[in-house]
Structures are given as C-alpha cells and as structure tokens.
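Subject: A structure for you to explore

Hi there,

Here is the structure I promised to pass on. Please open it beside this email and follow along as you read.

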Amino acid sequence: MTGNPASKNAVSTTNACKLCTPLGASLAFKGVEGAVPFLHGSQGCATYMRRYIISHFREPIDIASSALGEKHAVYGGGPNLKKGILNVMKKYSPSLVGVASTCLTETIGDDMGLILHEFRNDFGDLDLPDVVHVSTPSYQGTHSDGFNRAVHALVDQLADPEAAKSERVALFPGMVSPADIRLLKDIFREYGLTPTVLPDISETLDGPALEDYEPVASGGTPVSEIKALSGAAASVEFGSCLPKDSAGLCLEKRFGIENDRLRIPLGIRGADALHDVLCELSGLECMPRRYKLERGRLVDAYVDGHKYVFGKRAVVYGEENLVVALTAFLAEIGVQPVLVGTGAEGKGIAASIEAACEGVLPELPLVREGVDFHDIAEEAETMSPELVLGNSKGQRYARAWNAPLIRVGFPIHDRFGGQRLKTVSYEGTQELYDRIVNALIEKKQSDSPVGWGYI
Amino acid sequence: MHGPVGCAAYTWDIRGALSSGRELHRLSFTTDLREKDIIFGGEPKLEAALMELIERHEPKAAFVYSTCIVGLIGDDLEAVCRKVADKTGIPVLPVQSEGFKGSKREGYLAACNAMFRLVGTADVSDIPELSVNIFGDFNIAGETWIIKEYLERMGLTVVASVTGDGRVDDLRRSHGASLNMVQCSGATLDLAKMIEEKYGKPHCRVSWLGIEDMADSLYKVAEFFADKDPEIMARTTELVRSELEGILPGLARYRKDLEGKKAAVYVGGAFKAFSLIKSFRHLGMEVAVVGSQTGTAEDYAELAEVTDPGTIIVDDANPLELQEFIKEKDVDVFVGGVKERPIAFKLGVGFCDHNHERKIPLEGFVGMLNFAKEVHASVMSPVWNFVPRREKRHRNAGKECSHDR
C-alpha cells in the first residue's frame, strides 16, 4: 500500500498539516546564543509566528521584523532591513541576527546577500553582530525546510575555514524538544564527547524563572562554536528526509568532516543506531552501563506492555522526519500504522518509511504527502483508527474518531509541557511508550462499564 | 485566505469565539499558494478552491482575504469573486487585507467594507422600533449571549451581532436596527459609521467590561429609547440591580482575600485601562502601575486623576521598564495582552488574560465575577513563594550563593 505520493484530493486546503518556512527558520535561530530572529517582510508574519511559537513553549519570544509597508513593497525593502537591524542592535545587543526572508520580500526580489553586504560596508565602524540570512519564501516548502535551511545557513555562512582542529562533535538534532537536547548533551558527555549542538534551544526556549528580564534569553549555541565547526572531529545529524544541502553535508563537503545521518533516534533500533555511532566516535567498545540498563528496561517494558498495543491501527501525521521515526517506532512495538500524512512533499517519505520499517512491519501504511487534515480525515474514515500520533492540530479529528491522540512534536497548543516531551534515545522512547500504553489502557478503562482496578 | 500556507495556519481557530449554529469559523481555508502559482498567477487556483469549498459547505456567503503576495502578483480578487458569486449564487466578497498595506486598523476597515456590501440586501419591515445591533463583540466564551440576554430583558430586539455569533442573514438586515452599539474596540466602528451615513441609523460607544461601564452602557441605550418606551429605564434599573445583587456576595468573598493586593495594568487602549482600574477597586486592590500603548496626553491626565497618588503611570513601556515598575511596586498581578503574559510569568508575576484567547467570559455583570475569580486564582496561588523575586525574603541572609556551577 505504500507509495501514492500523489498530492491532495482537493485544490483547496482545509486545516493545513504544515507551517511556513520562515517559522522554521525563526525556531532554528532561537537556538543560537544571543541571537534575534528577524523576518524581512511585513509585520504580521513576525507577530503571528511569535504568538504561535509562544503558545507551545510558554516563553517570552521576540521575532523582529523589517515591517515593510506599501511603499517598500514597490521600491524595495533594503533600507528598512538595514534600519531594522540597527534597531535590533540598540534594543537587544545581539551577538547574531538571523534574517529570514518572507514571500513578500522574495517576490519583490530583494537580494538579501547584497543588502547585508552594503549594510556591513555602511556601518563597518560599529560593533556589528554577525548577520546570517536565509531564503524562506512561504510558498516554497514547509517549516521543516525553513528550519533546515537556517541551520545550513548558520554553518555555511559562519564556519571559519581557518578554525583549528578540535575534538568537538557537531550535532544537528533537527526539530526536537528542549528536553531532548538536554538529554542528548548528557548522552554525548557520558561518552566523553564534547558536542556542539546546533540549534540548542534547551535553555532559550525552556528557561528558568528569572528575577531580571533578559531581552534575549540565555543559552543557545555560542556563535564562536559555530564558527569553529569547520574544525570539528565529526558531525551527526538527525532526519530521514533531509535535503542535500544539510548542515552536516555542508561540513563534509567543505571541510571533509565525516557526517553520520541518522533517523531521529526513537525506538530501540533508532536509539541503537545513535549509540553505535557514539561508540565509534568515542572509541568505547560498548555503550556505558547506564544505557545498557536503560535499553534493558525499555525491552522489558516492551514485553510487559505488548498486548495492550498489539495490532492497534494508528494514524501518524506531522513533520516528515518525525513521522518517519514515529512510524518506525510503532512498527517495532506491534502497532499497525495504517496512514501516515504530512504537508511536506517530494522528500521520499514513503521510501524512508519502507526502509525504516524493514523486517518489523509486514504491511506498510498508506503514505500521503502534501496533504491537509481534510485529506487525512478522508483517508482515515474507512480505516477505523484506534490511536493517533502527531501535534495538537489533529485534535478535533482524533476526537471524531474517538481515538486517543498522543501529542508529540510541534506545535502542542492544547496541552501543557510540550517543550519537555522527550522522543530520543532509550529514555525518550520509554517516555513515549509509557504514554501510548497508558492512553490505550485509559481508553479501555473509560469505555468499559466495569472500570477494572487491575488492567 | 488567498495566500501561502502560513497566513491561514497561524489564524486557524485562535479565538475562543462561540457559535450557536455551524462552526465553519473554526476551520482554516486557504489556497496554499505555491511557487508556480506565484509565477503563473493564483486566480485559477482561487476560483477552483472557492467552487470546491462552497459546494462542500454550502455557506450563506464567502469572504476572500487577500494577503501580501496576492497584492504583489496582481490577482484580480474582485473579478474572481464576481465570477464565483455568479456561478454559485451566493455573495462572494473580497477583503482587501494585504499585510503590507498597514496595521490591523486597515484590516478592520477592509472587513467593514466587505461586510457593508451585505448590509441593506434584505427586508427590514418586520424589525421593531426597539431594536439594536451589537457591534465589536466576538462572543468570546459566549459573551455576546450574555449581553444579548440583558438587552432582551430591557425589551430590545437584537437584529445582528457583528461578528460574534454573527449570521449573514442578520447582517443583510442590520440597517433596520434603530441603534448600533459599538464596543470600544475599533474593529467595527467603520461599519457603524457607514450604516449611519447611508441609512441614518446612529451609533453609540459602549463597553461591556466592568460593573460601571456595563451599567453605564445599558443606561445609555435605555436613554436612547426612553422617549419611545417610557418603561425601559425602569426595566434597566431593575436589571442592573438584580444582576448586581447576584454577584455582590461572590465579589465580597474574593475581596476578602484580595484586599490590599497590587495590580499592574498594561493594555492596548486607555479606555480599557479605566475600566480595569474601576474593577480592581471593587476588589479592594490597588492599581500600582498603569499604562497603555496608545494613550493620548488627555488619557494620561485622566489616568493620573482616577488613580491613587504614587501610582506609576507608563506610556508605551518596554519589557525592561515594565519589569522595574513591577519590582518597585511588588505587584501581585499583571493584566495585559497575549504579548505580556510570558514576560509576566517569566518574572514570577500573576497574570489575568484579557484578550481574545480567553475561554471564560469577562463581559457583563457575571463577567466581573469571573474576572475576580481569575485574579484570585492567580494572586492567591502559593507558587509565588518560590519565584526569584519573592523567594529571597524567605531565605536567610548569607545563604545565597553567587557562584555559578
């Protein structure tokens, strides 16, 4: 049943299953120390995206804007972009300004590279922050593309060819949660490795209560570490559907740094692949005891819970790299993914899923690319889903199917703590597995007239 | 939404506006323009999308929003809308709301222009003299229903509510109502003025927030109709009295806890700030900091007059300044927009939502009680004992450590 990547049934889109590219770029720039994301376009883009991101992370988040008006749309937005960066410098004293274009400025043909070159010439006497720019018209790709392009731009535009060789390992984790990043940093350190995680939203988008307001939240990847990435010992990047010009491949191509591309390390096989790479990079013969134990406990839990989940028909939707990892995970616990939907298209998602499920899933799910929730619902109608995995935007559909929705990924707007959900390594897998088993048990219990005390 | 995906995605179901009928407003429709549409034009896609959606949902009318990109590539929204209207037989109305054309004020005007095309297209002969329209209320958590019920008890017929729980058929005959009540938010003031100019129906500004403003607004409306219905003032007085009776015991209970606590108010317009100052006074609370983003010199003079001496009055402050004031006055709760909430929480200050995301009604007399409950739930929480700005007091001197591990 795999394949059928044909796009939506309808011309119109109802309840999109994707977000726009500049949002992804803004998220990525939020993970750089002292960075302010800056959208070159009209004010509304920044205001709405900011609000959307805040509702997930519950943190103060600023996104600057060149706030173009009608006049600029006609004569070009260059002057406003320069003025905007100067304003941002005054207000935030940033170490980096991450400029992402929007459909407006892409369509009027603003050449950001040229404008920023002029900016550096015009104001060279000032103590300028680093300025990285990325092309993110909203009519091209999804938020996932915007995110990946921004990470690539950071590496490509900042990496210093003269940087000294170091023992650091670059990690490009993709769109995982702040809690995931904290976990990954711990794991790398446990192996004796020193990671540079880019972007690192672990503190910037999940910070502590403060006494004094910080115009730019503390934390994030230091710009100096990004510049030094060209001397890294190796790099690891997560994602099954990454573009050819990913950050990891950029380091490989330009500086000969070996890059390992892994699926988001969810599930035993996914996590094993990560730990294998870490063993190799660290020179350890086998993984540290604590992870052996974690893995063992996870296998034990798989066994304890297998009957609650076996054969349940699941619908999975959302960002392409996450849906591949989720589907591979569901396959290995005995859940039957019946439908996988994503707003992204042309990324070989079906093939990635097939490869990731090889040997554990006799019947592959229907994979639909470029779809909205209307399409997903239409497809799912005859599939009687019993379990749904994805961000919070499919809530009304899961409710209509009377199937529990396991919220995972971004955004989670209707629950608490989305920034602290984990999906990586054995620990993240355990957390997600427990949530799935409990959701199915809770459903069984609440649907039953008996209300068993033991289940 | 005729545009790329983001414009529709970020506005999908973001309001707590309730409907007594269908829930089309909770869905997000877009043409999701792609690169090839930008190059070759988005008109064919828009037409096909509209035909498809109108057939699927059979709405009474369709509003088609223009976005930045549509303004640039020059799609003729008007022409596509006309064509689809001819084919489907329903009004299909363009809303010229390109993002770069201005602030949300221009957006309000664009929407009012579109809605005004519906006004005057239905029979109004059965509308009684004692009739009103509710403008500028969005039925957040059912607020329009609360107001509507008050007005009906006063003996008035509500013809249209715009846009909370609004109906196309009601909008068509909204010019038949004798008075348009426009809530202080500027969203629908333009529409009221258009109706006034063309149909001679006057409007008045009202506010449904807080006891005084709520009562004043109802009295204002009663006065308007007093010569047509001599009893209306008595009915209104009775309504206000019975509603107040209903909420005062509850308010007193909250007041017991809240007496002497301090609030900071930072809202968009000064009008709302006045309303909130009065509301806090009912709770025995002091407004220690007050400000607005758009207040005029006169507004600030008036604020100085109605607040207690020593109150900090701020004009368009940045977060750092707000923080200084919050610390200086040691405030217990902050009232502001969505933008201020994460800042308040990060600094460990209670917060009361006063925006379109809210899920509890704050309008009407019952809204005052809900407001008290909201403030109470935030101010009285024990969690503030642990936030950095307060925790220090509970620590023994010298126990603080300055090293950073």
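Let's begin with chain B, whose secondary structure comes to 17 helices and twelve strands. Helices here are DSSP runs of H or I with at least four residues, strands are runs of E with at least two, and both are numbered from the N terminus.

Before going further, please note that this is a predicted model, in which local features need pLDDT of at least 70 and side-chain atom pairs count only at pLDDT 80 or more, while totals for chains, interfaces and linings use all residues. Residues are numbered from 1 along each chain as its sequence is written, and chains are lettered from A and ligands numbered from 1 in the order in which they are written.

**Chain B as a whole**

The C-alpha trace of chain B spans about 80 × 65 × 40 Å along its principal axes. Of the 405 residues of chain B, 47% count as buried. A residue is buried if 20 or more other C-beta atoms (placed from the backbone) lie within 10 Å of its own, exposed if 12 or fewer do, and partly exposed in between.

An automatic or database domain assignment divides chain B into domain 1 (5-101), domain 2 (131-244) and domain 3 (250-390). The C-alpha centres of domain 1 and domain 3 of chain B lie 39 Å apart.

**Where the chains meet**

How many residues of chain B are in contact with chain A? There are 42, and they meet 38 residues of chain A. Contact means that the C-beta atoms of two residues, placed from the backbone, lie within 7 Å. On the chain B side, helix 3 of chain B gives the largest share, five residues. By class, this side has 26 nonpolar, eight polar and eight charged residues. Ala, Val, Leu, Ile, Met, Phe, Trp, Tyr, Cys and Pro count as nonpolar, Asp, Glu, Lys and Arg as charged, and the others, Gly among them, as polar.

Strand 1 (residues 13-14) of chain A also pairs with strand 1 of chain B, in the antiparallel sense and over two bridges; pairing requires at least two DSSP bridges. Within strand 1 of chain B, B:F29 is the bridge partner of A:T14.

Now find A:C103, in helix 5 (residues 103-107) of chain A. Is A:C103 buried or exposed? A:C103 counts as buried because it has 32 C-beta neighbours inside 10 Å. Leaving out residues up to four places away in sequence, A:C103 touches residues of chain A and chain B, including A:Y139, B:P4 and B:C68.

**Inside chain A, and the core**

In chain A, 25 residues of domain 1 are in contact with 28 residues of domain 2. Helix 7 of chain A gives the most to the domain 1 side, with nine residues.

Finally, the largest nonpolar core has 253 residues, and A:L326 is one of those with the most contacts inside it. Such a core is a set of buried Ala, Val, Leu, Ile, Met, Phe, Trp, Tyr and Cys residues joined through C-beta atoms within 7 Å. Not counting residues up to four places away in sequence, A:L326 touches A:L266, A:V316, A:L389 and A:V408.

Enjoy exploring!
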